[in-house]
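Let's take a walk through a protein model and see what its parts are doing next to one another. Keep the picture open as you read.

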Amino acid sequence: TSGLVAFSLEQPSVVVVRMDTLAIMPCKASTKISHIHWYHHQEHTAPQRILRLEVSGSSVNKDSVLKADKIIAIKDKDVTSYSLLVLKLKKNDEAVYYCATWEVRYNKVFGPGTVLRVTDKNPDEDIPPKPTVFLPSITEIKDHNTGTYLCLLEDFFPDVIKIDWKEKDDKTVLQSQQGDTMKTKDTYMKFSWLTVTQESMAKDHKCMVKHERNKGRVDQEIDFPSINRSIYQKLVLCPNKLTWLDWIGIRLEIPDKNWKPQNNTRQECGLQLMNTSAYYIYILLLFKSLMYSIIITICLLERPALDGNRKN
């Protein structure tokens, strides 16, 4: 806002370290500075400053947030790089650590923050996200002329992850929705969804996942076919290819008894219809449960009863 050259601080997004060791969290300034401050922020608490490092004399003023023997601040030889060391790591040391400094004495600038994760496993273990793809439902397409793609990411560590949606051959990031990152035992899961309007139903889309454990630090791309080519559209357009399970699925989603699928002889109908295993398993378990209930009911009705003389 002052019209001066933008000043910035760079920090890695996440540092994963084994328990009882030490964590090194670097911070690099875009220009030379006189002081560097470090802040510590845990969930449900306000950020707290833990120390201030005077760059010229290397003196450190530590606050009482963490024990004095728990943290060390150092400056590197290139004058604009600094590091915070957290020793004897425990689970309760997990937090976001921010470096900060004063710009022209009146504007305090913060770095983006480094998430510290403490684990008892090998921190170099490769645990990238495992994606599961969910395609739009027939009901949504028919009633609202929209389709919602959902991308479920499971079994990843650490929990710092970024998800974007784009059209297949476009670099523009689309507006999407994301759920909270949830912990499942020693790993994490997260889901994100994108609602596509009728104008974009013919376009392929992709979910871009940026995670610390992606191979080669390359964003993971998860492809979503256009709604016009998806399984649900094929079910609507190609009734001659439907199995009895497909018909059950359609009737569950479209209770309108007067609704009928359109006939279509295009080459698309020759493509193999795909159904998720979860859908089939659900139908089979439902059928199995129904048969089990019938058998139990018959057995109970045929069970002999005793009268007062202990005769059938």
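## A buried ring and its partner

Start with phenylalanine 157. With a relative accessible area of 9%, phenylalanine 157 counts as buried, because the cut-off for buried is under 20%. Bear in mind that this is a predicted model.

Tyrosine 188 is buried as well, also with a relative accessible area of 9%. Which aromatic pairs does the structure hold, and how many? There are 5 of them. In one, the rings of phenylalanine 157 and tyrosine 188 have centres 6.3 Å apart and planes at 25°, so this pair is stacked. The two partners come from distant parts of the chain, 31 residues apart: phenylalanine 157 sits in the loop between β13 (147-156) and β14 (161-167), while tyrosine 188 belongs to strand β17 (residues 187-196).

Phenylalanine 191 and tryptophan 193 make another stacked pair, with 5.6 Å from centre to centre and 25° between the planes. How covered are these rings? Phenylalanine 191 is partly exposed, at a relative accessible area of 27%, and tryptophan 193 is partly exposed too, at 26%.

Elsewhere, Tyr149, Trp165 and Phe224 are joined by ring pairs into a cluster.

The peptide bond leading from phenylalanine 157 to proline 158 is cis, with omega near 0°. Proline 158 lies in the loop between β13 and β14.

Then look at phi. Aspartate 20 has a positive value, near 70°, although it isn't a glycine; you'll find aspartate 20 in the loop between β2 (14-18) and β3 (23-29). Lysine 88 is another residue other than glycine with a positive phi, near 50°. Lysine 88 is in the loop between β8 and β9, and with a relative accessible area of 54% it is exposed.

## Strand β9 and its neighbours

Is β9 mostly covered or mostly open? Mostly covered: 7 of its 9 residues are buried. Several strands pair with β9. Strand β4 (residues 35-41) runs antiparallel to β9 and is joined to it by 5 bridges, with histidine 41 standing opposite valine 96 of β9.

β9 also pairs with β11 in the antiparallel sense, over 3 bridges. There, tyrosine 97 has threonine 114 in β11 as its bridge partner. Strand β10 (residues 107-110) pairs with β9 as well, again in the antiparallel sense, over 4 bridges. Find alanine 100, and its bridge partner in β10 is phenylalanine 110.

β9 (95-103), β11 (114-119) and β16 (182-184) each supply at least two lining residues. The space in this pocket comes to about 420 Å³.

How many residues line the second largest pocket? The lining has 16 residues, and those nearest the centre are Glu43, Val96, Val115, Arg117 and Asp159. Sorted by class, the lining holds 8 nonpolar, 3 polar and 5 charged residues.

β14 and strand β18 (residues 205-211) run antiparallel and are joined by 7 bridges. As an example, aspartate 164 has methionine 208 in β18 as its bridge partner.

The other open sheet described here has 4 strands, ordered β1-β3-β8-β7, and the pairing is antiparallel. β1 (9-10) and β7 (71-75) are the edge strands, so look for each of them pairing on one side only. Strand β8 (residues 81-86) is joined to β7 by 5 bridges, and the two run antiparallel.

How values were computed. Residues are numbered from 1 along each chain as its sequence is written. This is a predicted model: local features need pLDDT of at least 70, side-chain atom pairs count only at pLDDT 80 or more; totals for chains, interfaces and linings use all residues. Side-chain values use heavy atoms; hydrogens and water are left out. Rings of Phe, Tyr and Trp (its six-membered ring) pair if their centres lie within 6.5 Å; planes under 30 degrees apart count as stacked, over 60 as edge-to-face and the rest as tilted. Buried means under 20% relative accessible area, exposed over 50%, partly exposed in between (1.4 Å probe, protein chains only). On a 1 Å grid over the protein atoms alone, a cavity is a set of points where a 1.4 Å probe fits but cannot get out, and a pocket is an open set with protein on both sides within 12 Å along at least five of seven lines; lining residues have an atom within 4 Å of a point. Grid points are joined across faces, edges and corners, and a volume is the space filled by probe spheres set on the points. Ala, Val, Leu, Ile, Met, Phe, Trp, Tyr, Cys and Pro count as nonpolar, Asp, Glu, Lys and Arg as charged, and the others, Gly among them, as polar.
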